Amino acid sequence: MEADLFVAWFEEAARLVRENRDRLTRLDAAIGDADHGTNLDRGLSEVLKALAESAAVESAPEVLITAGATLIRRVGGASGPLYGSLFRQMGKALESPVTLARFAGAFEEGVVAVERLGKASLGDKTMVDALAPASRALALAVRDGAEVGVALDQAARAAGEGAKATIPLQARKGRASYLGERSIGHEDPGAASAALFLAALASVAG
Ligand code: ADP
Ligand code: MG
């Protein structure tokens, strides 16, 4: 799990977000302002450009920190700073050589950074509802001595299930919370995109 793998993660995430851009935007149209798909699609294009241009990106932590800083700088809306913090904190916490256990620990720190910045916790109908279950699945996989591919598949599945589980929830954070009860019945766009990030990781590292 070194630098090339993390670059491949962002390449695959960018591809998946592009493929799902209109779906993410439709989800955000229902309970937000219809920009999540375009925000993230543009942000990930900027990330790939920054990774290609920066000579300093030689290790997994540097890839994550560069990606995070780019998302914070370049993506408007709530999700840019939140995803940016996720990846930047993950990069700061990650030690090389990367192992599954170290990655799981760094991912957890990234999720905590998102929760702090957004003041959101599980059940608030945000990206945390996909990220926190994924982090938990990773920790359990590490505890059980699972192989990397198995662990990442379990994390991706937990994120996907977490995203779907936002449908019946009422949003308590972000733009969707302004809708009150009318936010019920729709999947949270940020949880849906977080599930795509985990699916991308499972597909490149599995
Ligand atoms: P904006 O809401 O500013 O238009 P986006 O549409 O790009 O930004 O992203 C919306 C997503 O950001 C939401 O679906 C939710 O998952 C996430 N989000 C918004 N506010 C918060 C928060 N306070 N904590 C965690 N996630 C949040
Ligand atoms: Mg939006």
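**Exercise 1. Ligand 1 and its surroundings**

Find the distance between a backbone N or O atom of alanine 78 and an oxygen atom of ligand 1.

*Solution.* Step 1: go to alanine 78 and pick out its backbone; one N or O atom there lies 2.8 Å from an oxygen atom of ligand 1. The model you are looking at is a predicted one.

Step 1: turn to side chains. Aspartate 33 places a polar side-chain atom 2.9 Å from an oxygen atom of the ligand, and arginine 175 has a side-chain N or O atom 3.3 Å from a ligand oxygen.

Step 2: On its own, ligand 1 has 560 Å² of accessible area, and the protein covers 92% of that.

Step 3: widen the view. There are 20 residues around ligand 1, and those that come nearest are Asp33, Ala78, Ser79, Gly118 and Asp188.

**Exercise 2. The magnesium ion**

Work out which residues coordinate the magnesium ion (ligand 2), and decide whether aspartate 28 is buried or exposed.

*Solution.* Step 1: list the donors. Asp28, Asp33 and Asp35 each coordinate the ion through OD, at 2.0 to 2.2 Å.

Step 1: apply the cut-off. Buried means under 20% relative accessible area. Aspartate 28 has 8% relative accessibility, so it counts as buried. Aspartate 33 has 32%, so it counts as partly exposed.

Step 2: link back to Exercise 1. Asp33 is a donor to the magnesium ion, and a polar atom of its side chain also lies 2.9 Å from an oxygen of ligand 1.

**Exercise 3. Glutamate 187**

Locate glutamate 187 and find the side chain with which its own side chain makes a polar contact.

*Solution.* Step 1: look in the loop between α8 (148-164) and α9, where glutamate 187 is found.

Step 1: collect its neighbours. Leaving out residues up to four places away in sequence, glutamate 187 touches Arg23, Leu27, Ile31, Ala163, Lys164, Thr166, Ile167 and Ala192.

Step 2: pick the polar partner. The side chain of lysine 164 makes a polar contact with that of glutamate 187, at 3.0 Å.

**Exercise 4. The nonpolar core**

Name the residues with the most contacts inside the largest nonpolar core.

*Solution.* Step 1: this core has 62 residues, and Phe6, Trp9, Phe87 and Phe103 have the most contacts inside it.

Step 1: helix α9 (residues 189-205) supplies the largest share of this core, 11 residues.

Technical notes: Residues are numbered from 1 along each chain as its sequence is written. Chains are lettered from A and ligands numbered from 1 in the order in which they are written. This is a predicted model: local features need pLDDT of at least 70, side-chain atom pairs count only at pLDDT 80 or more; totals for chains, interfaces and linings use all residues. Side-chain values use heavy atoms; hydrogens and water are left out. Donors are N, O and S atoms within 2.8 Å of the metal (3.2 Å for Na, K and Ca); water is not among the atoms, so sites may look incomplete. Buried means under 20% relative accessible area, exposed over 50%, partly exposed in between (1.4 Å probe, protein chains only). A nonpolar core is a set of buried Ala, Val, Leu, Ile, Met, Phe, Trp, Tyr and Cys residues joined through side-chain atoms within 4.5 Å. Helices (H or I, at least four residues) and strands (E, at least two) are DSSP runs, numbered from the N terminus. A residue is near a molecule or strand if one of its heavy atoms lies within 4 Å of it. A polar contact is a pair of N or O atoms within 3.5 Å; within protein, one must be able to donate a hydrogen and the other to accept it, and residues adjacent in sequence count only if both atoms are side-chain atoms. Accessible areas come from the Shrake-Rupley method with a 1.4 Å probe; for residues, only the protein chains shown count as cover. Contact means heavy atoms within 4.5 Å.
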